[in-house]
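Open the model in your viewer and keep the selection panel at hand. The tour goes stop by stop, with something to select at each one.

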Amino acid sequence: MSLGDKSVYSPLTNLKNLFKKPITVKYPKEILKVFPKDGVSPIYRGLHTNDLNKCIGCGMCQRICPFDAIEMKVIGENEQGRAIKKPVVDYGRCSFCGFCVDVCPTNSLKMSRHYIYKVKTVKSMSAKEEVEHIKQKFKLMPDESLGDDIGYNTGKAKKILG
Amino acid sequence: MEDLKANDKRSYIDNLIDFFRKRSIWMLHYCTGCGAVELPPSMTSRWDIERFGIVPMATPRQADVLLVTGYVSLKTLKRIIKIYEQMPEPKWVLAFGSCTVNGGIYWDSYNTITNLAEYIPVDITVSGCMPRPEAVIDALQTLMEMIQSGEGGAYKKYKENYEYYKKNQDRVLRKTAPILGSSETESIYQEKEGNYET
Amino acid sequence: MKLDKESIIELLNQKGVEVLDLYPNQISVNIKKDNLLNHLVFLRSIGFDHLSFINAVDFIDEGEFELVYHVWSYTHKIHVLNKVRISRNNPVIPTIVNLWEQAQFYEQEIHEFFGIIFEGNKDLSPLFLENWVDIPPLRKDFDTKEFSVRLFGAEIRR
Amino acid sequence: MMDSPSYMLSKIAEKDNLTVYELFFGPNHPGMHGNFGYVLEMIGTEIVKVRPNAGHLHRGFEKLMEQKLWVQNIALVPRICVADPDPNEVAYCTAIEKILRVDIPDRAKFLRTITLEMSRLSSFLMGMGALAAAVGLYTAMNIMTADRDLILDLFEWLTGARVYHMFSIPGGVRNDLADGFVERLYKVLDHLEKRLIEYDKLLFENPIIHKRLKGLGYVSKEDAVKYGLTGPNLRASGNPYDVRVDDPYAAYPYLDVRVITQEGGDALTRAIQIRLEFEETINLIRRALKTMPEGEIRLNLGNLSALKVPKGEAYAKVESSKGEFGYYVVSDGGMKPYRVAVRGPSLPAGLLLAQKHLPKMKIDDVAAWMASLAICPPDIDK
Amino acid sequence: MIAAIRVFGYSLFAIFIGLLFMGIGRKIIARIQLRLGPPFYQAFLDVGKLFARKSITHNFVMDLGMIMSLAGLLSTMLFVPVAGHMAIKTSSNLILIIYLMAIGHLGMAMAAAASGNPNATIGVSRALTMMLGYEIPFFTVMLGLIIFNGTSSLELIAQSQAGGILNWNMVKFPLGFLAAEIALQAIMGEKPFDAMVAPAEIASGPMVELGGKYLGLAFLTHAVSIFVETGIMVNLFMGGASNVFTFVLKQFEIYLITILIEAVFPRFRIEQAVKFLWTVPMSIAVVQLAIILL
């Protein structure tokens, strides 16, 4: 298409948009209907979910995480007396890159298609307590609760990071 | 208009004023960090937060809510504090992204702060390494509910804990202690009026 | 007229400059500090007129800074890395602002991050950092993790 | 210089002792794109002197990258330029692959090229929208940003994230096209081409746009090369140089990239240049999709988290929508890069041209001048 | 006493209509941009919120300036006949109306200049230059109408166009209407001529330092100015209606034209705007004047 020369009437042709249907996605009531599954993309990198009985607490995700967002937390002892460790993701550091999911040997750590997580201010707290409060609330131990809607799910078998 | 019913402890006038404040939040047109690239999609035709009455305004005087989107470098922190103090009451702060909680991906950088709540009171902190437009709209909806129920009062905290915030701000924005001769010079935590005031 | 890589290497060897052939269209050249200017003037005369950018690398164990002047020729489609080694304790090098004006900002940036002084550059004021009193941050002996923990209270995990 | 208005104005100022006042076209200004600032010394509405006030977005990338493993930097690198993240990933990976002297499989090359061109489309849309908003045409900005969202949906489908894709890794790309992706990509490209007619009518044939942008920020053909301008700014001044043709990478050797140049060099030519390149990018993606081979999408470089790049250095260039993005990577054979230096395309345009163009300009054109040069402050500060 | 109540009633009516038009205008612009847009009563919500906020003033000149600008506009409104009847029985002299309108803009200029922000002073200088720009073509068109009707009272001009559309001034003097329409675009500060509140250049010009109640007053001033300017156009060219409802409808038609132009055109630089205003609408108005005189 060649670029026409300038004329006063050409912008006025855009007024026909008045009679077209607006393309707004009315978010709280409607959601995105672009992908095979409604909402976000089928392989969306959202908040983590972790299948706690498949997870062997090997710490591979902790080593690959570029920003030390994952910390292995001891949550008990197994029969041989060795500590059972599970990853805790600090969403104050996580960049949602998905490397931890790529290197997970047992493919237990996955990323769900959920992305809403927020912390509101607490009126009664003073400023100093508030800072700690926010930092604590953003450290989540991923478990099966978000597992209903799996998004990014690769695992070591796909040999993405070798 | 169901949210107009006067609940017990707040008079009808308070509810009406909160309804006005809820339905016409004006945000400051200032993109502090990289999260600001998700604001144009939210403000324009596809997600359109103007249907809630949320419009970007040019100056702090006209703005109600300050969106801190993403990381905050030292220079930006100085401007954010100045802008926050210029905004008239009632004002709110939304912190987007992981960089405002625990430093995010620049936690070990020498030029970005780790937690925004140490310097100015934050109403809602949203997770996401750049929250997507739906998360932005969800955060703004939560802010609207907080305003309607009178819960959004973080700006009152700025006055109550002013010396805590001021101490943090001065600690960060004043000159940092030089490492060159750092062995004998006192560390900046002892708050001694050193010879830094050049 | 378009020269290919071999003839350019040939030309540079005549000038008494040792050339390393890195990649199909990239060669690197080590030059001394004092004939940096006329080397760049020569390169520019044979067609290398695009200064991509200047950057510095801090080889702390050899006690030297290495300044790399990236020059590209639109006609020959060749990229030349001109490397200059200067000592680390008094890092001084002549400026090339009168060859390319945008070098002014690259030199300001390098001065701010490495502390290298460019003789002849009128304005080496800091560009990015505000009232910074520490050692220039991009030097290898500046530890950004320790700085971030001390000033901003970052948590170190491992 | 003698007859320039600002010189005469300063003469008048001395006579009538008008004070030169400082105006912060600073970080918080609706006309400012990104978090950047100019301190303008002005008389009336005429700018006499300008001082750039950069550094608001400085996060010290080059220092952080020296402390992370080779593959971990992939999560850090796209954050350098927000509008156009993919060239950073591809340039960083190409530099590593140059040092490793490996050649990635063809399908990976094509996937990288398609993500680069899609990111170029989304950045052009945002650039044109920002230019329209700078002169007050909010309708164009609204519709262009909505169309840009369609491309972000495709990115979300291909890579899993809207803006920061972290899609290419040393040795190839992370995942392959989902089925149904190519059909939707064709549909979006046709929609954009249809919408282009509307943009022409609204923006490029608008007489007031021509009046506002004609002659603003003129850069001659030789000056463009001398000042180090690259990308659409260089080609709008008449120089037919494009990194995808001069120094091809990824799949560009297999595709014929048509370089568009225009004589003119002012803001209007740059705006039309971006529009023509937008149209050419759509056709380039279609050509790439047709000739995309099947096959492997990653090279097996062993365990990437223990990747050791041999001693050496390399400079890799990528043509982003704003110009030449360069990565100079130095490796000392260890697990972490010894030094990564990033060349952002907006530094010559944002800092040097500001000294050249702004002093004789009025305050009303600063926003339009900056949008026409597509200045992206994050890649000045890095 | 009755006059006081009528004046108060008229002012509330003008503010209500103005805010209503602003809300509907924003909705139409949103629909042109293919998006949903705010509810039509959004302007009332904005004004309600603004008056519930703390506001910061720099000096008393800023307070008085804002009040003066609203008072100036409201006083102009009193002299514009709305469907034949007016708040107080006076002559609705056209020249008096134009003089009073300038007071409103001067009030805003005084408040903005007192706020001390350089952006505001640049905005004020632009607003006054723009006033210079649009008044000359607008006066020429009115001069033509005054000469044709032999009277400068707006009421009589309106009555002279009674009966059918055919003898509306818009039909009798199409060129005059076109020139006045372009000038109206500048009077209302809409897009091609909105250099004074250009957010991208001078951060919303005169309203930079106005927050809270002052911005509320500025909103009301803008609402009344919409009512007044469209009212003048309706009386001059569309034969002021018999009852109030058709008057408001005609006012909305005029406002609709300005909104449609605003949605699809960028803004001129200030000197381009004045040059455009002094050449294009001015020449049309002079031709119209020549037709009337011959």
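How many salt bridges does the count between domain 1 of chain D and domain 2 of chain D give? The count is 1 salt bridge. Keep in mind that this is a predicted model.

**Stop 1: the two domains of chain D**

Select residues 5-53 of chain D for domain 1, then 61-379 for domain 2. Give each domain its own colour. Their centres, taken over C-alpha atoms, are 32 Å apart.

Now show the contact between them. Domain 1 of chain D brings 19 residues to it, and domain 2 of chain D brings 19 residues as well. The two domains bury about 1,600 Å² between them. Carbon and sulfur atoms carry 69% of that area.

Next, select His33(D), Tyr38(D) and Ile47(D). In domain 1 of chain D, these three lose the most area to domain 2 of chain D. Together they make up 38% of what that side buries.

**Stop 2: polar links across the domain interface**

Select Glu46(D) and Lys362(D) and show their side chains. They form a salt bridge, with the closest N and O atoms 3.5 Å apart. Across the interface of domain 1 of chain D and domain 2 of chain D, there are also 5 residue pairs in polar contact, both residues at pLDDT 80 or more.

Switch to a cartoon view of domain 1 of chain D. On its side that touches domain 2 of chain D, the elements giving two or more residues are helix H1 (5-15), strand E1 (21-25), strand E2 (38-43) and strand E3 (46-52) of chain D. E3(D) gives the most, with 5 residues. By class, the residues of this side are 12 nonpolar, 6 polar and 1 charged.

**Stop 3: a sheet in chain A**

Move to chain A. Look for an open sheet of 3 strands in the order E2-E3-E6, with antiparallel pairing. Which strands are the edge strands? They are strand E2 (70-77) and strand E6 (139-140) of chain A, each pairing on one side only.

Zoom in on E2(A) and strand E3 (residues 83-90) of chain A. They run antiparallel and are joined by 7 bridges. To see one bridge pair, select Glu77(A) and its partner in E3(A), Ala83(A).

**Stop 4: where chain B meets chain A**

Show chains A and B together. The contact takes 41 residues from chain B and 39 residues from chain A. About 3,600 Å² is buried between the two chains, and carbon and sulfur atoms give 60% of it.

Turn to the polar links. Chain B and chain A share 3 salt bridges. For a salt bridge to look at, select Lys135(A) and Glu118(B): their side chains meet at 4.0 Å, N to O. The count of residue pairs in polar contact between chain B and chain A is 18, both residues at pLDDT 80 or more.

Which elements of chain B each supply at least two residues of the side that touches chain A? Select helix H4 (99-102), strand E5 (124-126), helix H5 (133-148), helix H6 (154-160) and helix H7 (162-173) of chain B. H5(B) gives the most, with 8 residues. This side of chain B has 17 nonpolar, 14 polar and 10 charged residues.

**Stop 5: strands paired between the chains**

Finish on strand E5 (residues 118-120) of chain A and E5(B). They pair in the antiparallel sense over 3 bridges. Select Lys120(A), then Ile124(B), which stands opposite in E5(B).

Technical notes: Residues are numbered from 1 along each chain as its sequence is written. Chains are lettered from A and ligands numbered from 1 in the order in which they are written. This is a predicted model: local features need pLDDT of at least 70, side-chain atom pairs count only at pLDDT 80 or more; totals for chains, interfaces and linings use all residues. Side-chain values use heavy atoms; hydrogens and water are left out. Domain bounds come from an automatic or database domain assignment. Contact means heavy atoms within 4.5 Å. Buried area is the accessible area (1.4 Å probe) that two parts lose on being put together, summed over both. A polar contact is a pair of N or O atoms within 3.5 Å; within protein, one must be able to donate a hydrogen and the other to accept it, and residues adjacent in sequence count only if both atoms are side-chain atoms. Helices (H or I, at least four residues) and strands (E, at least two) are DSSP runs, numbered from the N terminus. Ala, Val, Leu, Ile, Met, Phe, Trp, Tyr, Cys and Pro count as nonpolar, Asp, Glu, Lys and Arg as charged, and the others, Gly among them, as polar. Two strands pair if DSSP finds at least two bridges between them.
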